[in-house]
Structure formats: structure tokens, C-alpha cells
Amino acid sequence: MRIRILNRFWNLRFAPNLANRGDCDPPDKRGKEIRVSSALKGEERLEVIVHELVHSASWHIDEKYAERFARDAARVLWRLGYRED
Ligand SMILES: [Zn+2]
């Protein structure tokens, strides 16, 4: 899925066998991607998507900040009822 973050485009895809739960190519890379483990489900999947979006929007942000923000944002969205059908 082609997504736009702050007027830059990434291909977001779900992939098996990633080294991490997700990763994000730097904003200046051509053909950049965000990859999220296809093994994830539910709130954890939402958390990792948000986490990688934080990296795409703020490439030099502290990893701990990304982790904490994504965990909290995913919890709020999950409590509000956001789900994938
Ligand atoms: Zn990260």
C-alpha cells in the first residue's frame, strides 16, 4: 500500500521473517518501504504500524520515544475500537 507521510511516500507492506517486528527505510531513500511483520495481530500490529509511522515522520527521533508513543497511541486507538476487518 502506498502511503504518504508529510508529503513523502513509502510502500507499506506486511512481510514474514523480518528481523524485527517492523522497520522503516529512511525518508531520503528511493523506493522506500515500511515493513511490518505479518505474524502480528491485534493491538500489537497496530502498535508497530504507529511506531514505524513515527519513524517515517521524525527520522531522528529517539527510539524510546517512538516505543512509548506507539504503545500509548495504540492503546488509545484500541480502546476506541479501531480494528482491521
Ligand atoms: Zn523503532
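**Reading the salt bridges**

In this predicted model, the count of salt bridges comes to 10.

Trainee: What does a salt bridge require, and which residue does E47 pair with?

Mentor: The general idea is that a side-chain nitrogen of Lys or Arg lies within 4 Å of a carboxyl oxygen of Asp or Glu. Here E47 forms such a bridge with R21, and their closest N and O atoms are 3.4 Å apart. This pair links distant parts of the chain, since E47 sits in helix α1 (residues 42–57) while R21 belongs to the loop between β2 (8–15) and β3 (22–24), 26 residues apart.

Trainee: How far apart along helix α2 are K64 and E67?

Mentor: K64 and E67 are three residues apart in helix α2 (residues 63–80), which means that about one helical turn separates them. Their side chains meet in a salt bridge, with 3.2 Å from N to O. Of these two residues, K64 counts as exposed at 53% relative accessibility, and E67 is partly exposed at 26%.

Trainee: Which residues are linked in a network of salt bridges?

Mentor: The network links R13, D23, D25, K29, E33 and R35. Within it, K29 forms a salt bridge with D25, the closest N and O atoms being 3.7 Å apart. D25 is buried, with a relative accessible area of 9%, while K29 is partly exposed at 40%.

Methods
Residues are numbered from 1 along each chain as its sequence is written. This is a predicted model: local features need pLDDT of at least 70, side-chain atom pairs count only at pLDDT 80 or more; totals for chains, interfaces and linings use all residues. Side-chain values use heavy atoms; hydrogens and water are left out. Helices (H or I, at least four residues) and strands (E, at least two) are DSSP runs, numbered from the N terminus. Buried means under 20% relative accessible area, exposed over 50%, partly exposed in between (1.4 Å probe, protein chains only).
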